[in-house]
Amino acid sequence: MKRLLTGLKPTGELTLGNYIGAISPLVKLQEDKENEILLFVADLHALTVFQEPSLLRDRIKRFVAMYVACGVDPERTTIYIQSQNEYIPVISWILECNTYYGEASRMIQFKEKSKGKENFTVGLLTYPILMAADILYCDADYVPVGIDQNQHVEIARDIADRFNKRYGDTFKLPSSLITKQGTKIKDLKDPTKKMSKSEENPAGVISLFDDLNAIHKKIMGATTDSDNAVYFDEENKPGISNLLNIASIMSDRDVDDIANEYRNSGYGNFKRYCAEVTVNKIKSIQDRYNELIETGEIDKILKDGIEKSRLIAKEKCELVKERVGLI
């Protein structure tokens with residue numbers, strides 16, 4: 001059995017893009033019974049930039065409930081909150097003391113987010129080492145990542161390899177599980193860029209928590225073009241192509257099948273169809289989400305998850321402390 005570790009960051013809002021790009025692939029990974037999956041809420045990572053405490057606290061539980069509502073199965077996936085595992089920060093600090101400044105400062109996200117800024121938190125520099133601790137404490141075999149996140153797994157391997165050579169065999173070297181580039185859902189108002197949970201214009205973003213009428217209205221108001229013919233062409237018809245992708249995934253139908261049905265029906269009819277199948281799909285997810293929140297089931301899921309995570313982390317933390325000479 002192979003152990004996979006992945007995380008969710010409780011910032012912004014969970015969007016239709018997150019559902020298609022992150023949650024659905026995780027649900028599919030569950031289908032392989034040879035996979036043991038750990039899913040953690042990366043609330044400590046969220047603190048690299050200021051978070052309103054009440055909003056962060058609220059998002060943590062809501063995001064977990066939404067992941068479960070979308071099909072993540074707690075019987076197949078261990079779900080826990082990162083900050084509730086007190087052993088991970090201890091391991092992280094020891095790993096920081098075995099990581100060079102040059103390694104951390106070369107991380108792409110650090111360079112991008114600190115560029116041109118006089119003041120940024122030290123956590124922005126060191127959070128890849130905390131991420132390495134997340135990966136290494138549980139001896140993860142694989143970490144599902146997009147190609148742009150592969151650097152985080154690479155630095156975890158480098159740190160683990162250095163530690164093992166210096167102190168003895170302690171950590172398993174993880175491998176990236178590069179997720180296939182699936183359908184990218186674009187912003188409804190600007191279909192040349194991806195739909196982002198941090199986007200400032202809410203009219204272009206469908207949140208999984210949105211009111212159903214609002215979702216319908218956003219799709220009907222999506223940017224298209226003046227051609228009025230429905231067919232897939234991402235370069236020349238990005239708005240219509242984006243809506244075709246959404247309709248295809250929400251209805252589980254082929255893009256060409258939908259395009260052929262609505263090719264000469266006008267944009268209004270096609271948008272109404274896209275809105276209808278999207279609303280129906282999200283309604284079923286929201287119904288399950290509301291049930292989870294009302295019954296308190298999420299509390300038990302998180303309690304069971306952190307207990308398992310702590311057992312694994314305690315054993316690894318004690319070994320790491322022994323290796324470096326701590327009593």
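Helices (H or I, at least four residues) and strands (E, at least two) are DSSP runs, numbered from the N terminus.

The model is predicted: local features need pLDDT of at least 70, side-chain atom pairs count only at pLDDT 80 or more, and totals for chains, interfaces and linings use all residues. Residues are numbered from 1 along each chain as its sequence is written, and side-chain values use heavy atoms, with hydrogens and water left out.

Helix H8 covers residues 150-167. Its buried residues (under 20% relative accessible area, with exposed meaning over 50% and partly exposed in between, for a 1.4 Å probe and protein chains only) include Asn-150, His-152, Val-153, Ile-155 and Phe-163. Eight aromatic pairs are present in the structure. One of them joins Phe-163 and Tyr-167, whose ring centres are 4.7 Å apart with 45° between the planes, a tilted arrangement. Rings of Phe, Tyr and Trp (its six-membered ring) pair if their centres lie within 6.5 Å; planes under 30 degrees apart count as stacked, over 60 as edge-to-face and the rest as tilted. Phe-163 and Tyr-167 are separated by about one helical turn because they are four residues apart in H8. Phe-163 is buried, with a relative accessible area of 0%, whereas Tyr-167 is partly exposed at 30%. Just after H8, Gly-168 has a positive phi of about 110°.

Helix H10 (residues 238-251) gives a similar check of length. Its 14 residues should span 20 Å at 1.5 Å a residue, and the end C-alpha atoms are 20 Å apart, which agrees. H10 is mostly covered, with 12 of its 14 residues buried. Among them are Gly-239, Leu-243, Leu-244, Ile-246 and Met-250. The elements that cover these buried residues include helix H1 (16-30), helix H9 (212-220), helix H11 (255-262) and helix H12 (267-295).

Most residues other than glycine have a negative phi. Asn-228, in the loop between H9 and H10, is not a glycine but has a positive phi of about 70°. Its relative accessible area is 42%, so Asn-228 is partly exposed. Asp-252, in the loop between H10 and H11, has a positive phi near 60°. With a relative accessible area of 74%, Asp-252 is exposed.

Strand S3 (residues 77-81) is mostly covered, five of its five residues being buried. Thr-77, Ile-79 and Ile-81 point one way from S3, while Thr-78 and Tyr-80 point the other way. S3 runs parallel to strand S2 (residues 35-41), and five bridges join the two; strands pair if DSSP finds at least two bridges between them. Leu-39 has Ile-79 of S3 as its bridge partner. Gln-30, found in helix H1, counts as buried at 8% relative accessibility. Leaving aside neighbours within four places in sequence, its contacts (heavy atoms within 4.5 Å) are Ile-37, Gly-71, Val-72, Asp-73, Arg-76 and Thr-77.

In soluble globular proteins, nonpolar side chains tend to be buried together. A nonpolar core is a set of buried Ala, Val, Leu, Ile, Met, Phe, Trp, Tyr and Cys residues joined through side-chain atoms within 4.5 Å. The largest such core has 59 residues, of which Leu-16, Tyr-19 and Phe-270 touch the most other members. H12 provides the largest share of this core, 11 residues. Apart from it lies another core of 40 residues, including Tyr-80, Ile-91, Ala-133 and Val-153. Beyond four places in sequence, Tyr-19 touches residues including Ser-24, Cys-70, Leu-208, Met-250 and Ile-285.

Phe-63, Phe-209 and Tyr-289 form one aromatic cluster. The charged end of Arg-62 sits over the ring of Phe-209, 4.3 Å from its centre. Lys-237 lies over the face of Tyr-231, at 4.9 Å from the ring centre. Such a placement requires NZ of Lys or CZ of Arg within 6 Å of the ring centre and within 35 degrees of the ring normal.

Definitions and conventions:
Expected span 1.5 Å × (residues − 1).
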